[in-house]
Amino acid sequence: MRTERKKEKGVRDRIAEAIVDLIRAESDRAYQIAQKQVDGILCKTLGEHKR
């Protein structure tokens, strides 16, 4: 029974880690998109072209 609990905890830990990794990846991607939008707005406002 103890080994079953350890296995369950291990599975839960791996699932939790995967979820945290997914959230971080989505957050990083959202930041990149927002940064590109801000850069585009600044370029339009300042009349510059992004290279």
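**Exercise 1. Find which side chain meets Asp-13 in a salt bridge, and state where the two residues sit.**

Solution. Start with the contact itself: in this predicted model, the side chains of Asp-13 and Lys-9 form a salt bridge, with an N to O distance of 3.4 Å. Then look at the positions: Asp-13 and Lys-9 are about one helical turn apart because they are four residues apart in helix 1. Finally, turn to accessibility: Asp-13 has a relative accessible area of 35%, so it is partly exposed.

**Exercise 2. How many salt bridges does the rule give, and what is the N to O distance between Arg-12 and Glu-8?**

Solution. The count comes to two salt bridges. For Arg-12 and Glu-8, the side chains meet at 3.3 Å, N to O. Both residues belong to helix 1 and are four residues apart, about one turn of the helix. Now classify each partner. Arg-12 counts as exposed because its relative accessibility is 53%, and the limit for that class is over 50%. Glu-8 has 44%, so it counts as partly exposed.

**Exercise 3. Which residues make the nonpolar surface patch, and what is its area?**

Solution. Val-11, Ile-15, Ile-19 and Ile-23 make the patch, which covers about 350 Å². Take Ile-19 as a worked case: it lies in helix 1, which spans residues 2-46. Its relative accessibility is 45%, and therefore Ile-19 counts as partly exposed.

How values were computed:
Residues numbered from 1 in each chain as written. Predicted model: local features only at pLDDT ≥ 70, side-chain atom pairs only at ≥ 80, totals over all residues. Heavy atoms only, no water. Patch = residues over 30% accessible without salt bridge, like charges linked within 9 Å, V, L, I, M, F, W, Y side chains within 5 Å. Areas by Shrake-Rupley, 256 points an atom, 1.4 Å probe, with all protein chains shown as cover. Salt bridge = Lys/Arg side-chain N within 4 Å of Asp/Glu carboxyl O. Buried < 20%, exposed > 50% of the residue type's maximum accessible area, 1.4 Å probe, protein only.
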